[in-house]
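Here is a short briefing on one protein structure, written for someone who likes cut-offs stated plainly. Have the viewer open as you read.

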Amino acid sequence: MSAIQTTVVLAMTADGKISAVDPQAPRDSDEADQAHVEYQVSLADLILVGAGTIRAEGVSFTIRNPELLAARKVRGQSPQPITCVVSGSLDLSPDLPFLSQDIERWILTTRTGLEGNSDATTLQKLAELIDLGDTDLDWDRAYSLMAERGINKVVALGGGSLTAALAKAGRIDDWWLTIWPVIYGGKDAPSPVEGEGFVPNVAPHLQLVETRQIGSELFLHYRTLK
């Protein structure tokens, strides 16, 4: 296990949904949650984002607050953290706006993804493609690589498949969960942690270390019990 600290930052409804059944449905902006996410991202050397999330949002989250940018400069960090998209299949269009943002970009993928995507050569010109296994991503190799490159703090922004993979690999140190005061419902609406799930005796257990409330929103900080 590396010394890299990994924090998951995500928001969900009171019934545990990270988006509505239609993920493209418009939603009112949430200034308190956006400020919270921006602060957490500002602490990171690298942010992890699932391919589905980057396809849905088009761009990576970036820091705009001048005070947070100044604090990063004082700490010797680059203006923006590296954005690392996780896509075993390399199912990413070279036309994604993310691939033209003024940030450093990595894509974690597999040999199968590289060999099976006709856009791989183009993508290699737009981001650093990192092969982490034949068909499955090797998270031990990923974290060793990050450690070699001086990464100390990782913030993972979902979606559910990425969070599940990190939890299964035992890589999540702490969680920041924002609870929106709304019910979305829907058996097919995505949840924060997807994948195959865990049986109770091996499920990650958490310790609540901090709570905040802004209006009817809750911000819950948990530590993963090792």
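Predicted model: local features only at pLDDT ≥ 70, side-chain atom pairs only at ≥ 80, totals over all residues.

Residues are numbered from 1 along each chain as its sequence is written, and side-chain values use heavy atoms, with hydrogens and water left out.

**Nonpolar cores**

- A nonpolar core here is a set of buried Ala, Val, Leu, Ile, Met, Phe, Trp, Tyr and Cys residues joined through side-chain atoms within 4.5 Å. Buried means under 20% relative accessible area, exposed means over 50%, and partly exposed is in between (1.4 Å probe, protein chains only).
- The largest nonpolar core holds 29 residues, and Leu46, Leu48, Leu108 and Trp139 have the most contacts inside it.
- Elements giving two or more residues to this core include strands S1 (5-13), S2 (46-50), S3 (82-86) and S4 (105-109), as well as helices H6 (139-148) and H7 (160-168). Helices (H or I, at least four residues) and strands (E, at least two) are DSSP runs, numbered from the N terminus.
- H6 supplies the largest share of this core, with five residues.
- Contact means heavy atoms within 4.5 Å. Leaving aside neighbours within four places in sequence, leucine 108 has among its contacts Leu48, Val86, Ile130, Leu132, Trp139 and Ala142.
- A second, separate core has 15 residues, including Leu90, Leu92, Leu99 and Ile103.

**Helix H7**

- Which residues of H7 are buried? They are Gly160, Leu162, Thr163, Ala164, Leu166 and Ala167.
- The cover over the buried residues of H7 includes S1, S2, S3, H6, S6 and S7.
- Just after H7, glycine 170 takes a positive phi of about 70°.

**Salt bridges**

- Side chains of opposite charge can pair when their charged atoms come close. The cut-off used for a salt bridge is a side-chain nitrogen of Lys or Arg within 4 Å of a carboxyl oxygen of Asp or Glu.
- The whole structure contains eight salt bridges by this search.
- Aspartate 131 pairs with arginine 111, with the closest N and O atoms 2.9 Å apart. This pair links distant parts of the chain, since aspartate 131 is in strand S5 (residues 128-131) and arginine 111 is in helix H4 (residues 111-116), 20 residues apart.
- Arginine 111 also forms a salt bridge with aspartate 134, where the closest N and O atoms are 2.1 Å apart. Aspartate 134 sits in the loop between S5 and H6 and arginine 111 in helix H4, so this pair ties together parts 23 residues apart in sequence.
- Arginine 111 is partly exposed, at 33% relative accessibility.
- Arginine 212 and glutamate 210 meet through their side chains in a salt bridge (2.9 Å, N to O). Arginine 212 is partly exposed at 38%, and glutamate 210 is partly exposed at 29%.
- Shared partners join Arg111, Asp131 and Asp134 into one salt-bridge network.

**Backbone features**

- Most residues other than glycine have a negative phi, and most peptide bonds are trans.
- Leucine 90 is not a glycine, yet has a positive phi of about 60°. Leucine 90 lies in the loop between S3 and S4 and is buried, with a relative accessible area of 0%.
- A cis peptide bond, with omega about 10°, joins glycine 158 and glycine 159. Glycine 159 is in the loop between S6 and H7.
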